[in-house]
Amino acid sequence: WDALDVVLPLETQAPPNFDLRYESKLGGKIGWRNETVSSFAAKVPLMHGVPTNCSVGYAYAEHIAARDLPAHLIFSTSGVGKVFLNGYLVARDELDAGLLAAEQTIPVSLRAGVNHILVKSVNNWGFADWATHVSIVAVP
């Protein structure tokens with residue numbers, strides 16, 4: 001799980017600096033790519049070609065809340081991963097057991113205005129596909 005514990009600067013910033021580029025372990029530079037999704041169950045291609053062991057993908061989203069409110073963050077990944085909310089680590093998945101409906105449910109506090117969500121997903125085995133599920137549900 002080495003790649004899970006490697007901390008890149010984007011993990012400590014909210015929102016991340018989308019202009020940063022990083023050295024790829026396969027050579028060359030890698031960076032952010034903008035993908036627009038229009039469905040609840042969106043599929044976003046993270047890379048071209050077959051992933052190698054410990055491939056890492058990041059996803060960023062913003063959630064706008066009308067007021068401060070308690071919520072539950074529901075998180076699962078088919079590999080291992082982390083979720084950051086407003087620059088703070090709120091979930092860590094070290095159980096490489098496949099994608100589960102609600103592997104972790106974490107109480108979080110959303111703040112009024114823009115909330116920054118960063119997801120780090122690590123593919124440990126080099127399979128061609130891996131998946132991550134993140135939901136935020138307001139607590140009544």
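A cavity is a set of grid points where a 1.4 Å probe fits but cannot get out, and its lining residues have an atom within 4 Å of a point. In this predicted model, the structure holds one cavity of 30 Å³ or more. About 40 Å³ of space lies in the largest cavity. Its lining comprises 13 residues, and those nearest the centre are Gln 13, Ala 14, Phe 84, Gly 87 and Leu 118. Strand 5 (80-85) and strand 8 each supply at least two of the lining residues, and strand 8 gives the most, with three.

The structure also holds two salt bridges, listed below.

| Salt bridge | Closest N and O atoms |
|---|---|
| Arg 92 with Asp 5 | 2.7 Å |
| Glu 11 with Lys 120 | 3.0 Å |

The salt bridge of Glu 11 with Lys 120 links distant parts of the chain, 109 residues apart: Glu 11 lies in the loop between helix 1 and strand 1 (21-23), whereas Lys 120 lies in strand 8 (residues 113-123). The cut-off for a buried residue is under 20% relative accessible area. Glu 11 is buried because its relative accessible area is 3%, and Lys 120 counts as buried at 1% relative accessibility.

Key: Residues are numbered from 1 along each chain as its sequence is written. This is a predicted model: local features need pLDDT of at least 70, side-chain atom pairs count only at pLDDT 80 or more; totals for chains, interfaces and linings use all residues. Side-chain values use heavy atoms; hydrogens and water are left out. A salt bridge is a side-chain nitrogen of Lys or Arg within 4 Å of a carboxyl oxygen of Asp or Glu. Helices (H or I, at least four residues) and strands (E, at least two) are DSSP runs, numbered from the N terminus. Buried means under 20% relative accessible area, exposed over 50%, partly exposed in between (1.4 Å probe, protein chains only). On a 1 Å grid over the protein atoms alone, a cavity is a set of points where a 1.4 Å probe fits but cannot get out, and a pocket is an open set with protein on both sides within 12 Å along at least five of seven lines; lining residues have an atom within 4 Å of a point. Grid points are joined across faces, edges and corners, and a volume is the space filled by probe spheres set on the points.
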